[in-house]
Amino acid sequence: MSASPALNSKQSSSVIFVFLISASAALGGFLFGFDTAVINGAVVALGDHFKVGPVLVGMSVSLALIGSAIGALLSGTVSDRYGRIKPMLIAALLFTVSGIGAGLPVTVWDFIFWRFLGGVGIGLASAITPAYIAEISPANLRGSFGSLQQLAIVVGIFVAMLSNYMLVGLAGGSADNVLWFGFETWRWMFWAEVPPALLYGFAAMMIPESPRYLIASGSEEEAEGILSKVIGAKAHEKIAEVKESLKIECATSFAVLRCEGGLHPVVWLGLGLSVLQQFVGINIIFYYGSMLWRSVGFSEENSLWITVITGVVNIVTTLVAIALIDRVGRKPLLLAGSAGMVVTLGVLAYLFGAAPLDASGHPVLSGTLATTALYSANLYVFCFGFSWGPVVWVLLGEMFNNRIRASALALGAGAQWVANFMVSASFPALVEWAGLGFTYLIYAVFAAVSFFFVMSLVRETRGRELEDME
């Protein structure tokens, strides 16, 4: 017997309600992606403007990630004490201030400070958003809604790359050319972040608090009102389940992770997923993509255009993940993505390693080799985009039980940002020392490790309620 029209209408309105508030929360992911990718188009101009070498260039890109790690680690304590919405507002403020300041640096060091400040906002948003979406979503749609975080990230990356490309085109060349009101193009790249940061703050003020946080803080009536819109008549039953799952003798924050003698195994699993997501080298494409393609013979404009195409590939593959994650499951997508990354990174390692060198010692690709490298790089992004990009964020938001979720996710996100820092900070020096071929071979090895890690240790979470997590 089919469901009544009234019931279907109620279910549809529930799905739309959750989608809208999840999408609003995911604006933090948009800023996360925009902020981390905007440096791509400005990195060469920054090096030229401040006259610094590869070490300081690497620091100007990567020290923001230490701020992200700090923001992520603080998120557990902040969200347990103040809820999920207030940290989003703090992140929006930090994004706004950082975007303004990064466009007005006097030296490379105050530029690094502004980027560090924005990094704290990224860290907060990166940890709060997946937890919030997981806690507000019904189990059967949690993967799709959780993937909105990654979709927002890749859209942010794409918009940043497209913005960089358009600004350089308007300026007529180098990112260090003057554009509007006497300011160089690279400054406008950072100022473009301010409007979406303000929008994120406004959206955060419009969405409801997490019902699971409200139950934990004793606001059951308010939580019931929200849950009624999400799951209907089962709201009372869900409140009882949440209250039962929250029972624990430990203190809040990271203390809950040590209650059973060392870290809980599922926390170690989250840390492993977070680190491996970065050690496959994906952010090298987004932080240094334009510099990389310029170093192997492409023009500045063509290099930026390639990064725009990469951004489109990233968006399309994330949409594939959203369509499949609640049907196929988390583990199969991770395994398929790992296998694809091993192959594509291996091809890139071979191409860059075997290419002839120019007078500066950079590999030079042309003809078929250049085309093959472009296809391989975008296939690599495709493999990451339908698997390790969205699925890890979904797993981090849902794999922990209610009593440890905020703290465990904070620790996992913090580890992810530290790993991101290690990869991005080491890339310029590693390329200078060992070459692009060997560098990409390292990432291929970690992609292989990620396959066996998932095969051996990761359990499927598709369709399970948060209250059933260990």
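This is a predicted model: local features need pLDDT of at least 70, side-chain atom pairs count only at pLDDT 80 or more; totals for chains, interfaces and linings use all residues.
The protein chain has 19 helices and 0 strands. Of its 470 residues, 58% are buried. Among contacts with a separation of 6 or more, 83% are between residues 24 or more positions apart.

Two helix pairs show how the elements pack. Two packed helices are described by the angle between their axes and the distance between the axes. Helix 12 (residues 265-279) and helix 18 (residues 405-434) have axes that come within 8 Å and cross at roughly 25°. Angles under 35 degrees count as roughly parallel, so helix 12 and helix 18 are roughly parallel to each other. Their crossing is right-handed. Helix 12 contributes V267, L271, S274, V275, Q277, Q278 and F279 to the contact, and helix 18 contributes A408, L411, G412, A413, A415, Q416, A419, N420, M422 and V423. By class, this contact of helix 12 with helix 18 holds 11 nonpolar and 6 polar residues, with no charged ones.

The second pair is helix 15 (residues 330-354) and helix 16 (residues 367-385), which pack at an angle of about 155° with their axes 8 Å apart. Helix 15 is therefore roughly antiparallel to helix 16, since angles over 145 degrees fall in that class. Helix 15 passes helix 16 in a left-handed crossing. On the helix 15 side the contact is made by G337, G340, M341, T344, L345, V347, L348 and L351; on the helix 16 side, by L369, T372, A373, S376, A377, L379, Y380, C383 and F384. The contact of helix 15 with helix 16 comprises 12 nonpolar residues, 5 polar residues and no charged residues.

M59 lies in helix 3 (residues 54-82). Its relative accessible area is 26%, so M59 is partly exposed, a class that runs between the 20% and 50% cut-offs. Apart from neighbours within four places in sequence, M59 is in contact with W109 and I112. The C-alpha atoms of M59 and S424 are separated by 8.7 Å, although these residues are 365 residues apart along the chain.

Conventions. Residues are numbered from 1 along each chain as its sequence is written. Side-chain values use heavy atoms; hydrogens and water are left out. Axes are lines fitted to C-alpha atoms, for helices over the stretch in contact, and angles run from 0 to 180 degrees between N-to-C directions. Helices (H or I, at least four residues) and strands (E, at least two) are DSSP runs, numbered from the N terminus. Angles under 35 degrees count as roughly parallel, over 145 as roughly antiparallel, 65 to 115 as roughly perpendicular and the rest as oblique. A crossing is left-handed if the near helix is turned anticlockwise from the far one by less than a right angle, and right-handed if clockwise. Contact means heavy atoms within 4.5 Å. Ala, Val, Leu, Ile, Met, Phe, Trp, Tyr, Cys and Pro count as nonpolar, Asp, Glu, Lys and Arg as charged, and the others, Gly among them, as polar. Buried means under 20% relative accessible area, exposed over 50%, partly exposed in between (1.4 Å probe, protein chains only).
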